[in-house]
Amino acid sequence: MIKHRDYVTDPRASGYRAHHLIFETSNTLPVEVQLRTRSMHIWAETVEGFSHDLHMNLKQDGEGVMFEFLKVVAEIYWCRESGAPVTDELRTLYNELLVEAKDFMKKQML
């Protein structure tokens with residue numbers, strides 16, 4: 001193995017979580033394997049879809065309401081996976097950002 005990136009212990013600012021393992025093949029071509037739980041994968045695929053549609057990179061970089069909303073979604077998924085409670089503050093933030101994200105998406109669809 002050449003490299004291991006642990007985005008589970010140290011998630012990206014967006015909330016992205018996974019383990020990235022980079023191996024070198026017999027012809028020295030690097031191959032990356034990403035290990036995710038089901039909910040990590042669903043979140044990543046959802047973010048990639050929004051990123052494509054909005055012409056933004058919401059998984060690695062970002063700002064604004066969609067970035068913040070998807071970051072909160074990632075945190076809620078992580079709470080559920082790790083057995084931690086979803087706090088009232090996190091639920092409130094989710095609900096507030098959901099309204100803003102819906103408004104943002106309506107404007108983008110015009």
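**Entry 1: Ser39 and its surroundings**

I looked up the contacts of Ser39, where contact means heavy atoms within 4.5 Å. Leaving aside residues up to four places away in sequence, Ser39 touches Tyr77 and Glu81. I noted that this is a predicted model, in which local features need pLDDT of at least 70 and side-chain atom pairs count only at pLDDT 80 or more, while totals for chains, interfaces and linings use all residues. Residues are numbered from 1 along each chain as its sequence is written, and side-chain values use heavy atoms, with hydrogens and water left out.

I then placed Ser39 in helix 1, residues 38-54; helices are DSSP runs of H or I with at least four residues, numbered from the N terminus. Is Ser39 buried or exposed? Ser39 counts as buried because its relative accessibility is 18%; buried means under 20% relative accessible area, exposed over 50%, and partly exposed in between, with a 1.4 Å probe and protein chains only.

I also found a polar contact between the side chains of Ser39 and Glu81, at 2.4 Å. Such a contact is a pair of N or O atoms within 3.5 Å; within protein, one must be able to donate a hydrogen and the other to accept it, and residues adjacent in sequence count only if both atoms are side-chain atoms.

**Entry 2: Aromatic rings**

I recorded three aromatic pairs in the structure. Rings of Phe, Tyr and Trp (its six-membered ring) pair if their centres lie within 6.5 Å; planes under 30 degrees apart count as stacked, over 60 as edge-to-face and the rest as tilted.

For Tyr7 and Tyr16, the ring centres are 5.8 Å apart and the planes stand at 65°, so this pair is edge-to-face. Both Tyr7 and Tyr16 are buried. Ring pairs join Tyr7, Tyr16 and Trp43 in a cluster.

I listed Phe69 as buried, with a relative accessible area of 9%, and Tyr94 as partly exposed, with 27%.

Note on methods: Helix = DSSP H or I, 4+ residues; strand = E, 2+ residues; numbered from the N terminus.
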